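Colleague: Please take a close look at one part of this model for me. I would like to hear about its interfaces, starting inside one chain.

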Amino acid sequence: MRLGLFIPCFVDSFYPSVAIATVHILEHLGLRPEYPEQQTCCGQPHFNAGHREQARELARHFCEVFRPFDAIVCPSGSCTAMVRHHYPQLVDSPVSHRVFELCEFLVNQVGVTDLGACFEGRAALHIGCHALRELRIENAVHTLMRSVQGLCVVPTPSDSFCCGFGGTFSVKFPEISTAMGQRKLGPIRQADVDFVISTDSSCSMHLGGLLDRQKIPRPKLVHVAEVLASGLEAT
Amino acid sequence: MSAHGFRQASIAKLNEPGLGDKVHKATLHTTHGRDRLVESMPDWDSLRHRAREARLRALDHHDALLETFMRALKARGIGLSLAKTPTEACEIITDLVNATGKKVIKSKSMTSEEINLNHALEQAGAQVTETDLGELIVQLAEQAPSHVTAPAIHLSTEDIARIFRDKLGMQVPAWIDDPALVDDQTRNRLARDLSLTARKHLRERFLQADVGISGANFLVAETGTVVLLENEGNILLTTALPKRHIVLAGVDKLIETEKDLGVLLRLLPVSATAQRQSCYVSLLADAHPDMHVVLLDHGRSKLMADTQLRDVLTCIRCGACMNVCPVYRNVGGHAYGAAYPGPIGALLMPHLEGMDRFGDLPFASSLCGACTQACPVQIPLHDHLLTMRARIVQKGGPDSLRWPLRLASSAMHKASRMDRGTRLYPLVRKFAALHPTGKAWLESRTLPPPAKESFRRWWQRQHVDRPATDTSESWKKSAMTEKASAPEPVDSPDDLLPLFQQRMLELGPENTSEIQLFDAALVAEEYLRIRMEEHDPHTIAIQGETTEKREYTLGITRAEMLIADTGGVLVDMRDRSQGHPIMLAETHIVVARPSQIVPTVAHALVARSVKRKSGAWGDYQVLVTGPSRTADVEKVLVIPAHGPRKLVVVLCEEPVDLSSLRKPPEANRDAVDR
């Protein structure tokens, strides 16, 4: 059985620590993930902007690269949902049902609910919209977060709100996108948390970018993979 | 950008002080209420599925349904016109109004907003009065509704008080200019005063109107029934009191059977207003008053033939998609410049009015999918937005992202090219503000700092000498997919009566809903006589008596069915001229037998089909669920609106004789003895 790592293009470039944490978690469990180096982008930005031909070419490439793998793990709900839900509209996709977001893979496929992670602090939990409503992995994420020692997840009224990123939406309608981000952050800031733990680095980029622009140092944005990899013994 | 310019409109709305707060507060209120109800309905998802099937089936057989519906109307002498365009519809309705009289009352109709009917009628010299509270508020403010089920959602109690002060001369408290001074209770009291002012203002208009215009929630082909849902009682009055009643509806409102209606009636109120059932559901199939149905096409036939997107027409206009939409919540409905705002509007408007005007709406979504999740008829709204985007791009309209995306996709054909591109990021980041896209981002957000090393590089360093692995199946343990089996819906008759009592008493505060149980008819009749003694005999209207178009303090009717899961009662009034005891009384007493109870509205509708066919029932039924109410001012519940302020259900297994109630009890006892 071969386990492939699908690292979204912007995670590869901007958030390598998220991808490295993913590798650490999988290796900690005794798994041997492989990173096919020919992978690029799943095509979601193009697909969402209406450029289906470009998205189709990237989807073809993706399917070819990941064809040999029995399961494919990705530290992003959004990119996973692109492959699982939208690829069948673009290509004859043999890989769609083999792609899993990291948390759902750990809980539903591997059967792990406690990795033995330690992460100190109060945090709000942001499950990205595609993870929440398309993949429906809310339970898996909560299960894993509950097992983390030292972590206190604080529920807030904006937990299920969209962060306002939406890919190209954030630059086509920057004012609405920003307003959505502020609505998301309002209750989180009131909850007095140290971190916002997110399933998706794209949401983190948006929320973190908003806080950074206003020079607000707290809360910090972290990815679920980084939290789950904290305090794990290296293997 | 299109002529409509959603982005520009939204910027103005984002800058309007307090707008986003008002819309968030109201939509969150409804959404939370809806979620609570959905949790208590184990068959929710199967209902959604059945509703979708029913609505799609109606589209599949549209022509046949239309013919059946027309035949049914014709048989009862009800007129019907088909209008291809808004102009045609306005002309037909204006002619009908001109032939009857100038005083027009309207109940809420989004289709009339779509064709800008009020303007056409006023041009023709008619006096048009909106009677739904939310619609009245926006009409007085000279605005358009900003939501399909909550027209004044963008206005606060204080905003509305100012409108009523200026337009209706209402005395309002001074604190409205500084609401921070008062507590919630005081604000809620004002909301109540506003609602009652509207009731008083509209009462005369109802009694004097020449023509009533309504929309329709559903048109049932099999029985030729026009179905209307409401809470206030204004639809009962609009459809019954004037000489003529005109129904304006899109051709997409047709459904096949009463059984389908049973499914849809369980979904719509939950999704629209977080209620198990709306206060009044009118089932109209009578020609009294003079009824005329106008069916509007306006692009719908064309959309019906669109195999990918036709299910947009299965929409039941509940507004749930806008309630959960983060874009709608921030900018409100007016930013869309459309009769139908929110996600469904972004799909409908380009088809009704064209891409030139509304082609930017499908792009104005973060694709969060909240709309799709909320839709009671399972329209994949956010997927359809994507389909629309692809079509618009294919047509080759202006697109600021065309070149950046093309560049990106060509770089991403090869990993090595992407890797080289990534190394340019520090440079791109430095000069991002020079491109409009980068500038749009950087206005309110920073870009992440470049990473010291990409993951790809890290992997190459770490895993150089790692052999390709092909280990055992150790990672794949059995998936843990336990699904709790859903509990069956309650339907054992013994459980139904307590459920009915519980649900009915939940419908309003103590003094507005009441249940009385009696074993013997004589005792029940005596109880009713005692209630009648509290009233002037001339202000009591009893079903079966000849009544007039005026106010009554007490109305007494029978009910033919009790609906357990909503606490509602189904009343058969034969035709609308006999409906006064329900709609014009302050207190409505309903007499029914406990054995008439059924689990859901669906069961009652099946019975209705049979009873009407056999002639046992007439052509006008109303499903009454609690006393009349409104929540159009900041979602504050106010009882009453335009109908009764109190509903009493008298349950007695022996048949109660309503015609004996005016006679002294002794006379009846003698009759029994003889």
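Modeller: In this predicted model, domain 1 of chain A and domain 2 of chain A bury about 2200 Å² between them. Carbon and sulfur atoms give 69% of that area. Helices supply much of the lead here. On the side of domain 1 of chain A that touches domain 2 of chain A, the elements giving two or more residues are helix 1 (9–14), helix 2 (16–28), helix 3 (44–48), helix 5 (77–90) and helix 6 (102–110) of chain A. Helix 5 of chain A has the largest share, seven residues. By type, the residues on this side are 16 nonpolar, 10 polar and three charged. Across this interface the rule finds zero salt bridges. It does find eight residue pairs in polar contact, both at pLDDT 80 or more.

The assignment places domain 1 at 3–109 and domain 2 at 112–229 of chain A. Their C-alpha centres lie 21 Å apart. Domain 1 of chain A brings 29 residues to the contact, and domain 2 of chain A brings 22 residues.

Now the contact between chains. Chain B and chain A bury about 7000 Å², with 61% from carbon and sulfur atoms. Chain B contributes 76 residues and chain A 75 residues. Here the rule finds three salt bridges. One of the salt bridges joins the side chains of B:R456 and A:D12, at 3.8 Å, N to O. Polar contacts link 24 residue pairs between chain B and chain A, both at pLDDT 80 or more. Helix 19 (residues 381–394) of chain B gives the most to the chain B side, with seven residues. That side divides into 34 nonpolar, 23 polar and 19 charged residues.

How values were computed:
Residues are numbered from 1 along each chain as its sequence is written. Chains are lettered from A and ligands numbered from 1 in the order in which they are written. This is a predicted model: local features need pLDDT of at least 70, side-chain atom pairs count only at pLDDT 80 or more; totals for chains, interfaces and linings use all residues. Side-chain values use heavy atoms; hydrogens and water are left out. Domain bounds come from an automatic or database domain assignment. Contact means heavy atoms within 4.5 Å. Buried area is the accessible area (1.4 Å probe) that two parts lose on being put together, summed over both. A salt bridge is a side-chain nitrogen of Lys or Arg within 4 Å of a carboxyl oxygen of Asp or Glu. A polar contact is a pair of N or O atoms within 3.5 Å; within protein, one must be able to donate a hydrogen and the other to accept it, and residues adjacent in sequence count only if both atoms are side-chain atoms. Helices (H or I, at least four residues) and strands (E, at least two) are DSSP runs, numbered from the N terminus. Ala, Val, Leu, Ile, Met, Phe, Trp, Tyr, Cys and Pro count as nonpolar, Asp, Glu, Lys and Arg as charged, and the others, Gly among them, as polar.
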